[in-house]
Amino acid sequence: MQDSPSGVFHKLVFYSSLFAVLLAIIETGFDFKVWLHGVASTFYLIVLGLNFIELLNQYVQKGIRSKLVLTFDLSIALLVIALLVTHFFADNSSFLYKFLFEKSLIKIALLVSFIRQLLVMEFSFKIVVAHPAQLFILSFLLLILLGTFLLMMPNATYGHIAFVDALFTATSAVCITGLAVKDTGAFFTPLGQIIIMCLFQLGGLGILTFATYFSYFFRGRISYQTQLQLGHVTSANRMSDVLKTLKVIFAVTFAVESVAAIAIYISMLDVPMSTHRRIFFSVFHAISAFCNAGFSTMSNSLYELQVRFNYPLQIVVAVTFLFGGLGFTIVANVVEYLRHQVMRLLFPNRSRYGAKPWLLSINSRINLVTTVSLLVLAFVSVLAFEWQGTLSEHTSVIGKLVTGFFVAAAPRSSGINVVDMAQLAPPTVMLTIALMWVGAAPNSTGGGIKTTTFAVAVLNIVSLARGYSRIEVFRREIADISVKRAFAIICLSVIIIAFGCTLIRWAEPNMSMTEVLFESVSAYTTTGLSLGITPHLSAFSKSVLIGLMFCGRVGALTILIALLNRPRHQSYRYPSEEIIIT
């Protein structure tokens, strides 16, 4: 059956847009001759014109689907019209022409138009093709390979970058780790830094989450199969919760990152730098903090001399990465709980604001208690171990307290440092390793075995010590499957970290075991803190860390499920036997 003229035109627009986007990427990353830039710009305009016609055709055939989508499309349409009018009627030396064409707005419009065309197509994950875990892993692999290619473009760096270093940087960004073999601020150009920022933003939320949400935004619906697959990725309990969870993820992300960027900008007003650089610094570090990515445009992260004693900046960044480490659903649940409590105080006689049992979920309670307990323990320990050490350069008590709090909170998967990590006292180093291993909350941008896993393991030990046959907390019983998952995650983490640590220690005999262990745990838990050995590792050791970062981000258990999961319904059970353990 042949396609209709409308279908043929849609395919023409789509493939020409795809070619134009690829050309724009190559033109941006490589040096073209002047006349080739002119030819490319003309081609971009033609493609944008075709996209404009296709957009009008969609509205003629399907009508207005959403006022929000209509507003978005009108903005793109006005930009396209401005580009066309400026190209044909404005002087090449005018400010408007330079602003629209030399500042890459034409390429941005092209990219947005292509993504708009891509997401209105049928977007569905086929269950018969891949398990949700396989799709999740594949999305990260493709994003890492794309990031590697982009970072190897000549205009992304100030010098040559080897393939293994580009792959390491891309993996570190996509896996929101922050370990760096090259100085992000000095080695990578603004283009390279933007690529890294996009990679850890996409990696922090997940490419499948982005694609599905915006597909729903433009099309107004997503398929049942896609909802089923995304339910595994977003940990939604019910099918009806998938879209709600996606909306929560984007609402929390946009709100926290926006507020953090503004707060960081204000805290940097006294630092001598240009306005556009301050804006980029604020946006970069807001996204990096919330995604627990660990990247910074400064050579020594926030230990750089010009921001080392900027305590408002430290507070903003610390609060931001703690929000990111709590998890999207937990943040939303806590906000809903606090909102309900405030409304109960303001309107005590309204029935809708009456007492609601379990408004704060069991997951939120366990994570909050575990997070606060570990944070308080770490804070007190850091002050005790480092008061006369790395904190001694801060002359005020407030400075010591703020910096100590940051040092205590950073191992929860932040990766941003405000002290010289190589100068930490041995007890602090061991404490940091333990905190990195525990990590952040589930369904968050943080890594580690997760706070719930640690909490379930501790509760299991306490229950066994008391002679209980089940785990009970907050008047709820923990399901056996949760205990099994916690046990599997803990065992896998120890095995993989030990294996990676052994390989690196074998390849780097001149490095101490503590340094290698610290680096391995940091990579697997996607924390990004380092004692300073990352740039000095061999290609083999970097490859091992790449594997650790990838396993830590997608989850070792997820990889095993993707490889071994073959669901079979068993209609029988063998007699149970108790095995002698101790």
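Q: Why are helices H19 and H20 called roughly perpendicular to each other?
A: In this predicted model, the axes of H19 and helix H20 (residues 480–507) come within 9 Å and cross at roughly 110°, where axes are lines fitted to C-alpha atoms, for helices over the stretch in contact, and angles run from 0 to 180 degrees between N-to-C directions. Angles under 35 degrees count as roughly parallel, over 145 as roughly antiparallel, 65 to 115 as roughly perpendicular and the rest as oblique, and H19 and H20 are therefore roughly perpendicular to each other.

Q: What makes up the contact between H19 and H20?
A: Contact means heavy atoms within 4.5 Å, and here Thr453, Val456, Ala457 and Asn460 of H19 meet Ser482, Val483, Ala486, Ile489 and Ile490 of H20. Ala, Val, Leu, Ile, Met, Phe, Trp, Tyr, Cys and Pro count as nonpolar, Asp, Glu, Lys and Arg as charged, and the others, Gly among them, as polar, and on that basis the contact of H19 with H20 divides into 6 nonpolar, 3 polar and no charged residues.

Q: How do you know how H16 and H19 are oriented to each other?
A: The axes of H16 and H19 come within 9 Å and cross at roughly 90°, and H16 and H19 are therefore roughly perpendicular to each other. Their contact is formed by Ile366, Asn367, Thr370, Thr371 and Leu374 of H16 together with Thr451, Thr452, Phe454 and Ala455 of H19, a set with 4 nonpolar, 5 polar and no charged residues.

Q: Why is H15 described as roughly perpendicular to H16?
A: Helix H15 (residues 328–346) and helix H16 (residues 362–386) have axes that come within 10 Å and cross at roughly 100°, which makes H15 roughly perpendicular to H16. On the H15 side the contact is made by Ile330, Asn333 and Val334, and on the H16 side by Asn363, Ser364, Asn367 and Leu368; by class, these are 3 nonpolar, 4 polar and no charged residues.

Q: What makes a helix count as one here, and how many does the chain have?
A: Helices (H or I, at least four residues) and strands (E, at least two) are DSSP runs, numbered from the N terminus, and the chain has 23 helices and 2 strands.

Q: Why is Ser301 said to be buried?
A: Buried means under 20% relative accessible area, exposed over 50% and partly exposed in between (1.4 Å probe, protein chains only), so Ser301, at 7% relative accessibility, counts as buried. Ser301 lies in the loop between helix H13 (275–290) and helix H14 (311–326), and its phi is near 55°, a positive value in a residue other than glycine.

Q: How do you know whether Lys450 is buried or exposed?
A: Lys450 has a relative accessible area of 19% and is therefore buried. Lys450 sits in the loop between helix H18 (426–438) and helix H19 (451–465), with a positive phi of about 90° although it is not a glycine.

Q: What makes His394 a buried residue?
A: The relative accessible area of His394 is 0%, so His394 is buried. His394 lies in the loop between H16 and helix H17 (397–409) and, not counting residues up to four places away in sequence, touches Arg308, Phe309, Tyr311, Gly399, Lys400 and Thr403.

Q: What makes a group of residues a nonpolar core, and which residues have the most contacts inside the largest one?
A: A nonpolar core is a set of buried Ala, Val, Leu, Ile, Met, Phe, Trp, Tyr and Cys residues joined through side-chain atoms within 4.5 Å. The largest has 96 residues, and those with the most contacts inside it are Phe200, Met268, Leu302, Val317, Phe321 and Phe406. Helix H6 (residues 132–151) gives the most to this core, with 8 residues, while a second, separate core of 17 residues includes Ala20, Leu23, Ala40 and Val80.

Conventions. Residues numbered from 1 in each chain as written. Predicted model: local features only at pLDDT ≥ 70, side-chain atom pairs only at ≥ 80, totals over all residues. Heavy atoms only, no water.
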